[in-house]
Structures are given as C-alpha cells and as structure tokens.
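Please read these notes with the structure open beside them. They take up a few places in turn.

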Amino acid sequence: MKYFALVVLFFGGVFPLVSKSNLYVQSAKARLLSQPKLNADGISLKLGEVLSPINEQGLFVQVRVSDKSGWVSKLFVSPLPPGNQIQLGITSSSTEAVVARQRASDFTKTAAARGLSETQKLRVRGEGDLYDFESLRWLESLPRKNSHNLSNANSIKTNDGLEERTDLKSDLSILSETKAEVKVGRSLAARILKRFTLSRNKELTVYLNQIGSRIASVSSRPDLDFVIGILESDEINAYACPGGFIFITTGTLKKVQSESELAGIIAHEIGHIVLFHNGEFKQSNLFVDMLAGMLAPSGGEVINASTSLVLDQLEKEIFESGRDKQKEFDADEAGVGLAAQAGYPASGLGNFLYTMSKTADQEAFKKTHPDTKVRISKLVVVEVTANSSNESITTDDWQIYKSKLNP
C-alpha cells in the first residue's frame, strides 16, 4: 500500500470566487451592497449564509442570496465553508492519532525489515540551516487576544476580559484546508526566523498581536489564529505567510508615527492572507503527519519534501521577485477596509506610505513592492469609500510602545 501520495497541493495565489459553487459569510461586517463600495447602502448578512457568485469587480463580488442580488466585499466572505478556529499546537483527535500511530508502527517495522530508510527520501529535517522553530514556538506562546474595550458582534467577553468568537458552532471541525495552510505557513515562518533574529520584546509583541487580533476579528478568516512577530532588522519591510503568520521589521516600526499607521500595515498583511495571495492548500495525509511527528528530533519538526518545494517558491517570492503588483494594490485596499471596519482611521496606511515616499533607504522594500507614490494615489480613492466602524478607536498608545524599541 502506498501511503506517500501527494501531501500538499499548491495553487496560484488568487481568490477564485466565481469558479466556486458557493461563498460563505464569515464576518458580521458582511453586507449585501447596492454598489461595489464599502460605504454603499446595504443589508446585513447572516454568519454562515450561503451566497451564489455571479460576477467580480475588484475586491467585490456580485452575488445572489434568496431572492435578492447585490455586492459583497471579499474581505468578509470566503470560498471555504464555516469551520472552527485552529489552535496552534493542538494535535488531531485521539481516535485519528491512534489509527495513525498504528499505521506508522506497521510502516516503520516493514521499512526496518527491508533495511530501508524511505522517510529520508521524502523529508528534510525542520531544523539546522533552514528553520528556527524554537523562536516560532516562543512567539506562538504569547497571548494574542484583543484587550481593547470593543463590542464585537462575533464575540463575547470571558472572565479574563479576552474576546472569544461565538459565530461558529462548537461541533464544526477544523477545515482540512486550514490545517494544510497553517502547516505550510508555520514552516515558512520558521524559515524567515532563520534569516532574521526574532525580537523577544514580549510587551511590544503582545501589543502588535492585540491590534492584529482586532483587525482579524472582522475579516473572513475566523479559522486562523493570527500571529505577529517582530524581526530585528533595519530593513523596512513586512511579510505575510500562509496560515496567519506575519512579521514586521524593527526598521519599519521605527518609521511608524501612530497606531493607525501600524494598524494599516498589519491590515495590509492580513489582507494578503484573507485574499489567498499565498495560494490555496489541500490537507496533508494524516498518517504522514503522524509519522513525521514520530521521526522528528526532540524539540524539532520534520517537513515533507513536497512542502519543501512549495516553501522554496514562497520564499523566493517574498525576498526576491515580490508578488504581482495587482496583489499589492488589492492588499492595500483590503488593509484600508479592514482597518476602518476595526475602528481605525482609513488614512493610516496611506500616511505611512507617504513617510516611506520620503525615505531614501528602502531598497528591499522597493524590490518587492510597486512604486510607493502610485500606491498612495490609489489609496486616496479607497479611503473615501472605506466605511468606518461605529466602534472607533479613540486612544493611541503607539508612542508609549515605540519607546520600547531598541535604539
């Protein structure tokens, strides 16, 4: 029996809504709009409601629901059906694990009898020269829930004051696509952390994650547990990995002048993930996952060979070729919309880009992004139509946290 079929499939980074049979409402912010504009008149849509796509225009999709038709933002709907949020570090169910362990045991006994080490042909160690999972696990251990005083239609307050989503039924499983996406994203994040030093500034990192949590909570990806880390680098850049892993350099943070600018940057990166700019992924084989875990060195991880090829492609795109220009423009528009819906001024990202346009030392940024002045000119139009949330942020704590950056 051949257990080692294709483990991960990677498709081009697009949001192929019209080709899908259905769309699913994933955010309480979703409305059926009369025009493809966030500030257009519209009616609220129910979480989990099924929409039939008709046409697309930019970041909006024309849909039909019941006897009505209209437009909906891609920021609030998903081609993935509703599913529970993945919890990082949580393993598969006990029943699945037992079956996988038995298969793994049978396989390894057979391989040993043959004198084979077949797994070495299909795996590379998730450590050493390419990956830093130890730093990633430290980052994942930090709290990420939003501590702002907000009233989110998708959440309730717990005893510790943190927000928990209540929009998804507890009996829903974690989507297989989400599991596969997070697996690839974690590995790519570990590669990035091998290139850079992760800042262990806990207070500042938690603050960034609280902002990210607020923004992500209004988006179409309730299945992801977004994680934001700080890279010790003078380069001005930020990176979005599949599965909700985001990194911002200290060089970028030193240029940020306000919390709304910081929110705009984070929302831009979340936009890449919400719009599936990293591609779509198929679920890994459970048996292969379990066997990989058993073979991993103590404290380490094992990456299968097909995933490694995907990581090579994604890493090259992040650090060398950059994404398609239109994807960056779309992420800008998404960033403005998400930040505004989360209660931040729509002008935050544009203000930061204006500062960037006056900055000389931004070679890495220019290499992987469109011309900054062109981005600013496009955002002027987007900011006018961004529909701000009623729950506006009235405080700005950035200067307090910015002072905690190393000189």
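**Notes on helices, a sheet and some loops**

1. Ser260, Glu261, Gly264, Ile265 and His268 of helix H7 are in contact with Gly348, Leu349, Asn351 and Phe352 of helix H11. Sorted by class, this contact of H7 with H11 is made up of three nonpolar, five polar and one charged residues. The model is a predicted one.

2. How do these helices lie to each other? Two packed helices are described by the angle between their axes and the distance between the axes. H7 covers residues 259-274 and H11 covers residues 348-357; their axes come within 7 Å and cross at roughly 100°. Angles of 65 to 115 degrees count as roughly perpendicular, and H7 and H11 are therefore roughly perpendicular to each other.

3. Now to the sheet. It is open, has four strands in the order S11-S12-S14-S13, and its pairing is mixed. S11 (197-198) and S13 are the edge strands, each pairing on one side only.

4. Strands S13 and S14 (residues 245-249) form an antiparallel pair with four bridges. Ala238 has Ile248 of S14 as its bridge partner, and Tyr239 stands opposite Phe247 in S14. Three residues separate the two strands in this hairpin, where Gly243 has a positive phi near 80°.

5. Which residues of S13 point which way? In a regular strand the side chains alternate between the two faces of the sheet. In S13 (residues 238-241), Ala238 and Ala240 point one way, while Tyr239 and Cys241 point the other way. All of these residues are buried.

6. Helix H4 (residues 176-195) lies across S11, S12 (227-232), S13 and S14, and runs at about 20° to S14. H7, the helix of the first point, lies across S12, S13 and S14, running at about 145° to S14.

7. Is helix H3 (residues 133-140) mostly covered or mostly uncovered? H3 is mostly covered, with six of its eight residues buried. The buried residues of H3 are Phe133, Ser135, Leu136, Trp138, Leu139 and Glu140. At the start of H3, Asp132 has a side-chain oxygen within 3.4 Å of the backbone nitrogen of Glu134.

8. Two further residues deserve a look for their backbone angles. Most residues other than glycine have a negative phi, and most peptide bonds are trans. Ser66 is not a glycine, yet its phi is positive, at about 55°. Phe276, also a residue other than glycine, has a positive phi near 55°.

9. Where do these residues sit, and are they buried or exposed? Ser66 is in the loop between S5 and strand S6 (68-73). With a relative accessible area of 66%, Ser66 is exposed, because exposed means over 50%. Phe276 is in the loop between H7 and helix H8 (286-295). With a relative accessible area of 4%, Phe276 is buried, because buried means under 20%.

10. Gly58 has 53% relative accessibility and so counts as exposed. What separates Gly58 from Asp330 in sequence and in space? They are 272 residues apart in sequence, while their C-alpha atoms are 7.8 Å apart in space.

Terms used:
Residues numbered from 1 in each chain as written. Predicted model: local features only at pLDDT ≥ 70, side-chain atom pairs only at ≥ 80, totals over all residues. Heavy atoms only, no water. Buried < 20%, exposed > 50% of the residue type's maximum accessible area, 1.4 Å probe, protein only. Pairing = 2+ DSSP bridges. Axes fitted to C-alpha atoms, helices over the stretch in contact; angles between N-to-C directions. Parallel < 35°, antiparallel > 145°, perpendicular 65-115°, else oblique. Contact = heavy atoms within 4.5 Å. Nonpolar A, V, L, I, M, F, W, Y, C, P; charged D, E, K, R; others polar. Polar contact = N/O pair within 3.5 Å; in protein donor to acceptor, adjacent residues only side chain to side chain.
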